Structure formats: structure tokens, C-alpha cells
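Please read them with the structure open.

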Amino acid sequence: MHGRADSRADATRQQVRLRGRSYVAYVFAPVVPIVEWLAEIDATLASSPGFFVGKPVVLDLSGVDLSQGAIAHLVTSLEQRNIRVLGIEGVAADRLTSSMPPMLTGGRPCVITRTDTQPKRETKPKSTSLLLDSPVRSGQSIIFPDGDVTVLGSVGSGAEIVAGGSIHIYGTLRGRAMAGVNGNSSARIYCQKIEAELLAIDGYYQTAEEIDASLRNRPAQAWLEGGVMKITPLN
Amino acid sequence: MAKVLVVTSGKGGVGKTTSTAALGAALAHSGESVVVVDFDVGLRNLDLVMGAERRVVFDLINVVQGVAKLPQALIRDKRLESLWLLPASQTRDKDALTEEGVGKVIGELREKFDWVLCDSPAGIERGATLAMRYADEAVIVTNPEVSSVRDSDRIIGMLDSKTVKAEKGERVEKHVLITRYDPARAARGEMLGIDDILEILATPLIGIIPESQDVLRASNVGSPVTLNDASSAPARAYFDAMRRLKGEEVEMTVPAVRKGFMNRLLGRRAA
């Protein structure tokens, strides 16, 4: 299928102002045998019903030699599939009757851009960070597999943060922080005060008991080095 | 404009009911019309602390289910004209409460009173969530110990997410009330400090109630501590908290160890 623009602009008289406007139409170029070609249309419709609904369709018959009756039958067959033919081209004028769609000439091929026929869909790029501007309370679970999590406040005992990327806590981390959950071993955990119950990066974890007591209450970061979790003070 | 205030904590036994009764009585004493509502269906206590247990006919469940009208269930306090109690049912459980039913009762109470104080049950289940559901403000009762503070943190999280106000994108105004504060144990470092509690909860403080035998004595005679002995240390602390609730600026005093005369005389030599 290829598209064609059709435009005709006439401005003959002053009183009646005629304006030109061009539309993009789908062009159907049937091939023999017509029955098989119709089956192909049916297949398209089966996979996406309503694909042609409300869209202008033009029949290009230059590739086939059809009688008046065959053209009439073809137009009816398309109508039965809810495809209304706007015009016919590539055929001698005497083959068409007055009840058939009008003849068109002068069409130019063009690329069909679907943006002008369908409402624009907002395709914002997925956010790769999550910002929380209040404390995370005990019992709350923040799960963000798409990237970093930043918390402006503390993470309470019994709360947990799960992030695909790194975790930044501008407050005291008293709960659990699990970074790099999707296998990101370069993710890190930063916090202003470490009193964590558990730290984990890419599945490697340390519980409160294993965290060096001298680090407690200090700004710290945790990262992975060859499958071993390192925790160091941040200043 | 009526204010609906939930007294909650998560943990049990920290003093929710005592605080509800004490704050309710203090508010009524200051001229406000107050109703205290017991949401602890099945384990009601507020009627005892208020000294109204022998006058309960209908209860919150009856009103929620339409068996009784609200005025039939309300019990007026014998000491204060403007203090009322809506008791809980002792024979039912919390599943008898419905969100719509509670909403309707709270709506009716809003029209009749200046303050609606909801005494929440412990826990985070239906009873507790429905008690906080329609609250404008919350008093989170916390003891100076880690388990109570962590449970309070959890409750604050729920106040920020599960209340009607929170769902509308507004904020429930929250206050921390520290109860059973023992100055002697605090001095010995056996309790969580006030600063530590506030740092963990990141919520403003409305009062510090000292641990006192006066509280037990008052509830034994069925009286809110603020009515039983208004000059006692816990009563004065509750009155201060009440004034802060009403928006007054009252200086916060941390209860300190009171040394006896002889102790003060001999203290130096002993140390």
C-alpha cells in the first residue's frame, strides 16, 4: 500500500470562494484473483479491526482489468467490510456508473505518517529516578526498579527502600536499603547517618550486626568490590 | 468549625485512653464542647476512665448500624456540662464498623461539637484505620522506648496515606505526645531521650506527660486525670498540651527529677 495526496484547487468566481485542501488517502491496488486479495484485507482487519475506519480509501484499478459489474461487486465487498471507497482511479470513465464513487486523477504518492490521523500519544521517557521529600515511615516499602531513589528525610526502622539503581538518603537510615536489585553491582547506598537494619547491593547484604559499630551515626556509603560489600565513612 | 482529632499510637498500653480522657476533659474545662468517641470495639475502656460505665445503654456500633440514634447513645459527663462520651460496644468486634457508617456518625458529631476526640484501638487494623479515617488532626501517643517509637512511626505513615485528608492531597496535622516519661530513668540514660524521639518521628511535640501514680489513681476512681487533681504534674502537662492543641504558645518544660529537701541537703555528700 502506498499513500497519495490528492488536491484540486479552483478559484473561478469571486462570489463563491473555493478553497483547496489535500488529504492523505490509503490507496488499495487490487490484484487478480480479487477473492484472494480480499482475503488479505480480511487478514489485516482480523489483526487490527477498525484499522480503516474513518480513513479515506481510494481504489487504484490500473493493475487489473475489471468489468463494470466486477467493479461494482468489489466496491460492495469493501463496503461490507466497513471500508468506504472515496474514489476510483486508473480506470476508464465509462466503466463507472453514477452510483459508484467518483473518478480521481492527479494523485501523488506520499508517505503515510500516522501522527496526523491518530491522536498523539504521550511517550515521555520513563523516569530513571525517584525523589521522596518526606520521611519514609516504619512499615512503608518503596520499590523503584527503574533507577535511583533519593530520600529527603530519614528512613525509619522497619521501612525499606528497594531500588534498581543507587539509594541516596539525606537523613538517618534506620531501616533496610536494597540497591541494584536488577543485577546492578555498581549501585551504591549513601546516607547521612547510618543506623541501618540491613544494606544490600545486587543481592550481597550485611545486617546491622555485621556493620562496623564505629561507622554508626556517621555519614557513610556502601558499595560492592568483587562480591564484597564495603562500607566507608563519607567524610 | 469542628475538629476531629484521633488519639492513636500503634502500640498498646502507652496511654491513648488516658490521654483521650484527659485532653477531652481539659478542652471541655476550657469551655469547648467535646465528645470523646471510643473506637476500641470489643475492648472498651474509655467509659471506665470517664466513670460512665454504669450509664452505657447504646454504643457506637448501634449508631453505625442504625439501631439507635446518635443522641440516644451520647452520655453526658456528670462533672462537665460540655463533655460527652460515645462509648464502644464490648460485645462486638471491630468488623462491625463500616467506613460509611463511621463517616456518617463523625459527620453528625461535627455538627454538634467543637471537638471530636477519637480514642483509637491499638494495632493497625480496621479499628485503628477507621478511627483515623476522618481525622483533621492526630495526637500520636508515644512512650520513651524504641518499640513504641517505631510503632508510632508506622502510624504516622498511615496518617499520611490512609486518611480521607491524605487521599485528597491534604495533610493531617500531627502532634507527638510523650507519656510515661520518667525523669529519674531519663537522667540515668535508661530511656530514649526527647530529642531522639522527635528526631526519629520528625513530628512536632505537643506535650510531655510524666510517669505518675496520679494517672492510675484517677482512672481507678473513674475520672480523667485533669479533673481528678488538676494540680498534679500529669494534669498540668495535659492542660499545657490542650492549650497547644488550641494553638496557644506554651513553653515546653521537660519534667526534671524533684529532689526532696533532705536529699538536697545530703545530696552532695552522698555523691
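1. A polar contact here is a pair of N or O atoms within 3.5 Å, where, within protein, one atom must be able to donate a hydrogen and the other to accept it. For residues adjacent in sequence, the pair counts only if both are side-chain atoms. The model is predicted, and the points below should be read with that in mind.

2. Arg44(B) meets that definition through its side chain, which makes a polar contact of 2.9 Å with the side chain of Asp47(B). A polar atom of the Arg44(B) side chain also lies 2.9 Å from the backbone oxygen of Ala88(B).

3. Where does Arg44(B) sit in chain B? The residue is in the loop between β2 (34-38) and α2 (46-50). Its relative accessibility is 18%, and Arg44(B) therefore counts as buried, the cut-off being under 20%. Apart from neighbours within four places in sequence, Arg44(B) is in contact with Asp38(B), Val56(B), Ala88(B), Ser89(B) and Gln90(B).

4. For chain B as a whole, the assignment gives 14 helices and eight strands. The chain has 271 residues, and 54% of them count as buried. Among contacts with a separation of 6 or more, 76% are between residues 24 or more positions apart. The accessible surface of chain B is about 12600 Å², with 48% belonging to carbon and sulfur atoms.

5. On the interface, 13 residues of chain A are in contact with eleven residues of chain B. The area buried between the two chains is about 870 Å², and carbon and sulfur atoms give 40% of that area. Arg137(A), Ser138(A) and Arg174(A) supply 61% of what chain A buries against chain B, more than any other three residues.

6. Which polar features link the chains? There are three salt bridges between chain A and chain B. In one of them, Arg137(A) pairs with Asp153(B), and the closest N and O atoms are 3.0 Å apart. The side of chain A that touches chain B has two nonpolar, seven polar and four charged residues. Seven residue pairs are in polar contact between chain A and chain B, both residues being at pLDDT 80 or more.

7. Is Asp212(A) buried, partly exposed or exposed? With a relative accessibility of 45%, Asp212(A) counts as partly exposed. The residue is in the loop between β14 (204-207) and β15 (220-225) of chain A. Its C-alpha atom is separated by 8.4 Å from that of Ile231(A), which is 19 residues away along the chain.

How values were computed
Residues are numbered from 1 along each chain as its sequence is written. Chains are lettered from A and ligands numbered from 1 in the order in which they are written. This is a predicted model: local features need pLDDT of at least 70, side-chain atom pairs count only at pLDDT 80 or more; totals for chains, interfaces and linings use all residues. Side-chain values use heavy atoms; hydrogens and water are left out. Helices (H or I, at least four residues) and strands (E, at least two) are DSSP runs, numbered from the N terminus. Buried means under 20% relative accessible area, exposed over 50%, partly exposed in between (1.4 Å probe, protein chains only). Contact means heavy atoms within 4.5 Å. Accessible areas come from the Shrake-Rupley method with a 1.4 Å probe; for residues, only the protein chains shown count as cover. Buried area is the accessible area (1.4 Å probe) that two parts lose on being put together, summed over both. A salt bridge is a side-chain nitrogen of Lys or Arg within 4 Å of a carboxyl oxygen of Asp or Glu. Ala, Val, Leu, Ile, Met, Phe, Trp, Tyr, Cys and Pro count as nonpolar, Asp, Glu, Lys and Arg as charged, and the others, Gly among them, as polar.
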